[in-house]
Amino acid sequence: MLGKGRKVSGRGEMVTANYAFGPAEDDAIIKHRLLTRTTTTRGEPPLKKLQRKFTSFVLEVEKDEENYNDCAKLSKAFLQELSTFEIPLLKSKAVIDANLREKENFNELKDEINRQISLVQTDIEELKKQLEESKIERQHKEECEAIRKLISAQPPRSETQKSIREIEKEIAALEADNTAGSRLLELRKKQFALLLHVVDELQNTIEEDQKSLIEEMRMVTEEQKSGMEDASGGSEAMAVD
C-alpha cells in the first residue's frame, strides 16, 4: 500500500507541476481533487473507497447481533484504508510545503539576482565613466608625449640663446651696413645733383660762348664786306680820274 501511495503522490506531483502555471480556476479544481482524492486513473477513487469502508463499519456496529469479530475486521480495514489515504495526503502536504519553500527560495534568489543585476549595472556605469576618463587621460598623455618629443627634438636652450645672439649681431651689422649704405646713397644723390647743376651751368656757358662766337664771326664778316666795298669804290674813283 505504501508503494501505491507513492505512485499516487507522484501522479499528484506531476499534476501540480503540469498545472502550476495554469489559470486560477484550474488550480482550484486540481487542488480540490488532490485534497479530496475523488479522482484516480485506475480503480475506485480513494475517498469513495474510504467512505465505503467507513459506512460498512458503521452499519455493522449498529447491528444488534454479537458481531464483534466482523466489527473488528471492518474497523481494521477502515483504519488501514484511512492510513493508506492519509499517507499520500501527508506526502502531498510535504510536497506543497517543499514547493512553497522552494518558491520562497526562488523569490529570494530572484531578489538577490535583481540586486546583483542592479549592482552590476551600477558597476558597468561606473566602469563606463572610468573608461571615458581613462580615454581622456590617455589622450592628454599622448598629447604631452608628442609635445615632449617635439621639445626634445629642439636644440638646448644654451645653443638657442647663442644662435639668437649671433643673429642679433648679424642684424646689428646689417643695420649698420644699411645705415652706411643710406648715407652713401644720400651722398651720391647730392653729388649727382651737383654734377647735374655743373653740367647745366657748363651747357649754358657753352651756349653763351657759341652765341658770342657767332656774333663775332658775323661782325667780322660784315667788316670784311664793308672793307671790300670800300676797296671797290676807291678803284672806280681812281679809274675815273
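## Exercises on a helical chain

Glu112 is partly exposed, with a relative accessible area of 32%; here buried means under 20% relative accessible area, exposed means over 50%, and partly exposed lies in between (1.4 Å probe, protein chains only). Please keep in mind that this is a predicted model, in which local features need pLDDT of at least 70, side-chain atom pairs count only at pLDDT 80 or more, and totals for chains, interfaces and linings use all residues. Residues are numbered from 1 along each chain as its sequence is written, and side-chain values use heavy atoms, with hydrogens and water left out.

**Exercise 1. Describe the overall make-up of the protein chain: which elements does it have, and in what order do they run?**

Step 1: Count the elements. The protein chain has five helices and zero strands. Helices (H or I, at least four residues) and strands (E, at least two) are DSSP runs, numbered from the N terminus.

Step 2: Read the order. Starting at the N terminus, the elements run α-α-α-α-α.

Step 3: Look at burial and surface. Of the 241 residues in the protein chain, 8% are buried. The chain exposes about 20700 Å², and carbon and sulfur atoms supply 58% of this area; accessible areas come from the Shrake-Rupley method with a 1.4 Å probe, and for residues only the protein chains shown count as cover.

Step 4: Turn to contacts (heavy atoms within 4.5 Å). Among contacts with a separation of 6 or more, 52% join residues 24 or more positions apart.

**Exercise 2. Find what Glu112 pairs with, and explain where the two residues sit in the helix.**

Step 1: Recall the idea. Side chains of opposite charge can pair when their charged atoms come close.

Step 2: Apply the rule. A salt bridge is a side-chain nitrogen of Lys or Arg within 4 Å of a carboxyl oxygen of Asp or Glu. Glu112 forms one with Arg115, and their closest N and O atoms are 2.5 Å apart.

Step 3: Glu112 and Arg115 are about one helical turn apart, because three residues separate their positions in helix α4 (residues 68-153).

Step 4: Arg115 is partly exposed, at a relative accessible area of 42%.

**Exercise 3. Work through other salt bridges of the chain: how many are there by this rule?**

Step 1: Give the count, which comes to seven salt bridges.

Step 2: Take Glu137 and Lys141, whose closest N and O atoms are 3.7 Å apart. Both lie in helix α4, four residues apart, about one turn of the helix. Glu137 is partly exposed at 45%, whereas Lys141 is exposed at 54%.

Step 3: Take Arg138 and Glu142, with closest N and O atoms 3.4 Å apart. These two also lie in helix α4, four residues apart, about one turn. Arg138 is exposed at 59%, and Glu142 is partly exposed at 46%.

Step 4: Look for a network. Salt bridges link Glu215, Arg218 and Glu222.

**Exercise 4. Name the residues of a nonpolar surface patch and of a negative one.**

Step 1: Learn the rule. Patches are made of residues with over 30% relative accessible area and no salt bridge; like charges are joined within 9 Å, and nonpolar side chains (Val, Leu, Ile, Met, Phe, Trp, Tyr) within 5 Å.

Step 2: Find the nonpolar patch. Phe106, Leu109, Ile113 and Ile117 make a patch of about 370 Å². Ile117 is in helix α4 and is partly exposed at 39%.

Step 3: Find the negative patch. Lys and Arg count as positive and Asp and Glu as negative, with His and the chain ends not counted; the place of a charge is NZ of Lys, CZ of Arg, CG of Asp or CD of Glu. Asp200, Glu201, Glu207, Glu208 and Asp209 gather in such a patch on the surface. Asp200 is in helix α5 (residues 157-240) and is partly exposed, at 39%.
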